[in-house]
Amino acid sequence: MPINYIYPKYDVVRDSTRCIKCGACMRQCANEVHSYDDELDVMKSDSMDCVDCQRCVSICPTRALKIIPAENRLRPNGSWAQDDIYEIYRQAEGGGVLLSSMGTPKNYPIYWDKMLINASQVTNPSIDPLREPMETRVLLGKKPKKLEFDKKGKITTKLEPHLELDVPIMFSAMSYGSISKNAHESLARAAEELGTYYNTGEGGLHKDFYKYGKNTIVQVASGRFGVHEEYLNVGSAIEIKMGQGAKPGIGGHLPGAKIREEVSRTRMIPMGADAISPAPHHDIYSIEDLRQLVFSLKEATNYTKPVIVKIAAVHNVAAIASGIARSGADIIAIDGFRGGTGAAPTRTRDNVGIPIELALASVDQRLRDESIRNDVSIVVGGSIRNSADIIKAVALGADAVYIASAALMALGCHQCHSCHLGKCNWGIATQRPDLVKRLNPEVGYKRLVNLVNAWNHEIKEILGGMGINSIEALRGNRLMLRGVGLADKELEILGIKHAGE
Amino acid sequence: MLLKEGTVRIPSGCAISGLISRDGKRINGSEIVKSISYMHERSNGLGGGFAGYGIYPEYKDLYAFHVFYEDNSSREATERFLDRHFDIVNLSRIPTRKHKNITDEPLIWRYFVTPLPTKLAASQLDEKEFVVKCVIRINTHIDGAYVFSSGKNMGVFKAVGYPEDVGDFYRLEEYDGYSWTAHGRYPTNTPGWWGGAHPFALLDYTIVHNGEISSYDANKRFIEMFGYKCNLLTDTEVITYIFDYLNRKQHLPLEDVASVVAAPFWNEIEDMPAEQREKMKLLRGMFASLLITGPFSIILGFDGGLMALNDRLKLRSMVVGEKGDVVYIASEEAAIRAICPDVENVWSPKGGEPVIVKVNGGVNI
């Protein structure tokens, strides 16, 4: 074997007593792992290109297949994990930057799991959400500082343009291009039914989806793909993407292979051309430039839409957020470093940025210290896995959360971390028509609605347990959290007490 | 080690009572003491207190500061501070009588003051804001000093003990006022500190409160953006600040303040006429973090009136009744009947429905 030989990560195990040679696995695998040997009349597999997406396992009618971690391994070494060594082989061979998709799989601390939620006992009653109203509606946007009255004492102050969410959950930015049209349709229809919003990402908005405009957030990112006047006006809010949690400080790259006719038209770029979003916005080199873009977009939409500024959680996030709050933005979205991506350099994904829990806690506190917390809403994303994470995020100070990885999982994503290959067997992160059609938006949107409704039920249940009947009364209510197994410094940053205190 | 109030949050259940003469007639303090004593079982001897309005007619244009001191050095430091910022027209110990159930009393002093015009002008604040800033300054920065009453022509009297003993201790039968509120406390911990008793007061706003709010830290962290410091970590303190902020600083009428802290549900708002719907949406949007959840019944005392309010689910008992020009409010009807056996029109206000009573229909007295 050559020195750069990399043994497959997985073994495809086929139980021949169960296999009926129907060939479904072969037809379903875009990575061409499975094949049929005519002469021997057997189904074969070569796991070299297997990404462990579990499509064949799920589709096999006789449960004849399983994918297991390959048993072959390099000599165990405490300093050099097998992946470290294989990555060196790959770079020595190709000389390129390593690419990955979705959120980092590395074992960083998940602070959500180190915080516990309070409940009422004796001194105040818990509330049963089946018997009493339980409110999860959230208004996102800038709030007026001062009430004004006319001579008769009538209030003349008006709410600024804002987003109204029936659930404190929105679908985070994923571009048409990085994900399929059917995935987008599922998200749009689910947002409409749920009374919330989905986000176009930096890929423009397909004309077919303009009808979901009142549940759409349109994104303006550094490549400005698909941005035009009608696009800006069709959505309910505009998001300026400054950064993404999975790849702070760098831009984006959608390979030409994914730029087929409709994507090309929507993005307003030639077919087959790579879509490269620059690392910075080249008209924003400083905070005062951001202010100009915020107001340009407000001018373009006649001051009828709230503007969101999305940033990656980085070391100095609190000061940056404070600057954004003073730049005319209505909502700040913060994306944590465990957030997903359609493609990112592995080293960036796994090493740049900070956990969203700490970023959120410090941003919320900073904005309060500066008395400007009510000038902006805070939306956090990047690793929200369930309703308990949402409760904890709101208690730390978030107004609402963004979910994307979880939404894709509801659509069938099995976290194979191979979006960048464009051969998603689940019809999500691909533009191949034969694969895209595997995702039925009619089914997809219902699954998204189910997921969010289920989470919202759980949120109501936990709120009731705390004796709270509106999510507003949980926002920033950090006494409802206690840390477990956290050091003093971590507790200080999170602004919470340790369990038992 | 047992933590002192202000370093730890202590929830408590309670009894409240209040009465007001709509005609501005002055009612003797012994009435309210008798009323609250009938709810003895609702407190546990760890806090009681009263607020009386119209009790200092001879000094009605001066701020009356009631102050607890741990020792003479905190008193001297505070008096130096007061001297620098106020014209002190009168000062004395607050008259008390020894009571077998009231022990470990701090030094209790009263000052009638008015801001020094030069200091006030230099501060660029309006008079009330100047007074608030000074009170918060003393309570936050002078160790062992605590201003627990700071309004005009009104005063708070409170201590650790059962309320009827506290009333006796402060000789409330020597005061007459057009309105009174009272509180008996049932904390779930041993605070042992007089400042933690109710009513909590700022300027002429006083709050007596029965309940334990679940929105506490959300309310606290929001209101602290506007110059308030929640030193006591009690519900009553933060509720008082919320009323002060919305009513005095944002000029929001009390009816609307009630719609912020005990906001109508969104589905009720949807059904309102357009103009009202817009207003409620604005108030809920703007002051979302001032929504108070969890059980509470409160009586807010203010210059010339009382307001009673329950949480929007009505998780605490509270009844209102009237007789002649006097309106009575209490946790239990027994507390009203104790002093007005033939009270009329007794009713339980709905959750979130404010009952606002003003002397002379709100005309200044």
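Into which domains is chain A divided by the domain assignment?

## Domains of chain A

In this predicted model, the domain assignment gives chain A a domain 1 that covers residues 10-96 and a domain 2 that covers residues 138-498. The centres of these two domains of chain A, taken over C-alpha atoms, are separated by 35 Å.

The contact between the domains involves nine residues of domain 1 of chain A and seven residues of domain 2 of chain A. On the domain 1 side, the residues that touch domain 2 divide by class into four nonpolar, three polar and two charged.

## The eight-stranded sheet

Chain A contains an open sheet of eight strands, which run in the order E9-E19-E18-E16-E15-E12-E11-E10 and pair in the parallel sense. The edges of this sheet are taken by strand E9 (169-171) and strand E10 (198-199) of chain A, each of which pairs on one side only.

Within the sheet, strand E12 (residues 237-241) and strand E15 (residues 307-312) of chain A are joined in parallel pairing over four bridges, and Glu239(A) has Ile308(A) in E15(A) as its bridge partner. Helix H7 (residues 287-300) of chain A packs on the sheet, where it touches strand E11 (216-220) together with E12 and E15 of chain A, and the direction of helix H7 makes about 145 degrees with that of E15(A).

## The three-stranded sheet

A further open sheet in chain A is built from three strands in the order E6-E20-E21, with mixed pairing. Strand E6 (115-117) and strand E21 (497-498) of chain A stand at its edges, and because each has a single partner strand, one side of each is left without a neighbour in the sheet.

The pairing of E6(A) with strand E20 (residues 481-483) of chain A is antiparallel and extends over three bridges; in E20(A), Leu481(A) is the bridge partner of Ile117(A).

## Helices packed against H14

How do H4 and H14 of chain A pack, and at what angle? Helix H4 (residues 181-194) and helix H14 (residues 441-465) of chain A meet at an angle of about 45 degrees, with their axes 8 Å apart, and H4(A) and H14(A) are therefore oblique to each other. Their crossing is right-handed. From H4(A), the residues Asn182(A), Glu185(A), Ser186(A), Leu187(A), Arg189(A), Ala190(A), Glu193(A) and Leu194(A) meet Pro441(A), Gly444(A), Tyr445(A), Leu448(A), Val449(A) and Val452(A) in H14(A). By class, this contact of H4(A) with H14(A) comprises eight nonpolar, three polar and three charged residues.

Helix H11 (residues 387-396) of chain A also packs with H14(A), the two axes coming within 9 Å and crossing at roughly 55 degrees, so that H11(A) and H14(A) are likewise oblique to each other. H11(A) passes H14(A) in a right-handed crossing. The residues that make the contact are Ser387(A), Ile390(A) and Ile391(A) of H11(A), together with Trp455(A), Glu458(A), Ile459(A) and Ile462(A) of H14(A). The class division for the contact of H11(A) with H14(A) is five nonpolar, one polar and one charged.

## Contact between chains A and B

The contact between the chains takes 35 residues from chain A and 31 residues from chain B. On the side of chain A that touches chain B, the residues divide into 14 nonpolar, 11 polar and 10 charged.

Methods: Residues are numbered from 1 along each chain as its sequence is written. Chains are lettered from A and ligands numbered from 1 in the order in which they are written. This is a predicted model: local features need pLDDT of at least 70, side-chain atom pairs count only at pLDDT 80 or more; totals for chains, interfaces and linings use all residues. Two strands pair if DSSP finds at least two bridges between them. Helices (H or I, at least four residues) and strands (E, at least two) are DSSP runs, numbered from the N terminus. Two residues are in contact if their C-beta atoms, placed from the backbone, lie within 7 Å. Axes are lines fitted to C-alpha atoms, for helices over the stretch in contact, and angles run from 0 to 180 degrees between N-to-C directions. Ala, Val, Leu, Ile, Met, Phe, Trp, Tyr, Cys and Pro count as nonpolar, Asp, Glu, Lys and Arg as charged, and the others, Gly among them, as polar. Domain bounds come from an automatic or database domain assignment. Angles under 35 degrees count as roughly parallel, over 145 as roughly antiparallel, 65 to 115 as roughly perpendicular and the rest as oblique. A crossing is left-handed if the near helix is turned anticlockwise from the far one by less than a right angle, and right-handed if clockwise.
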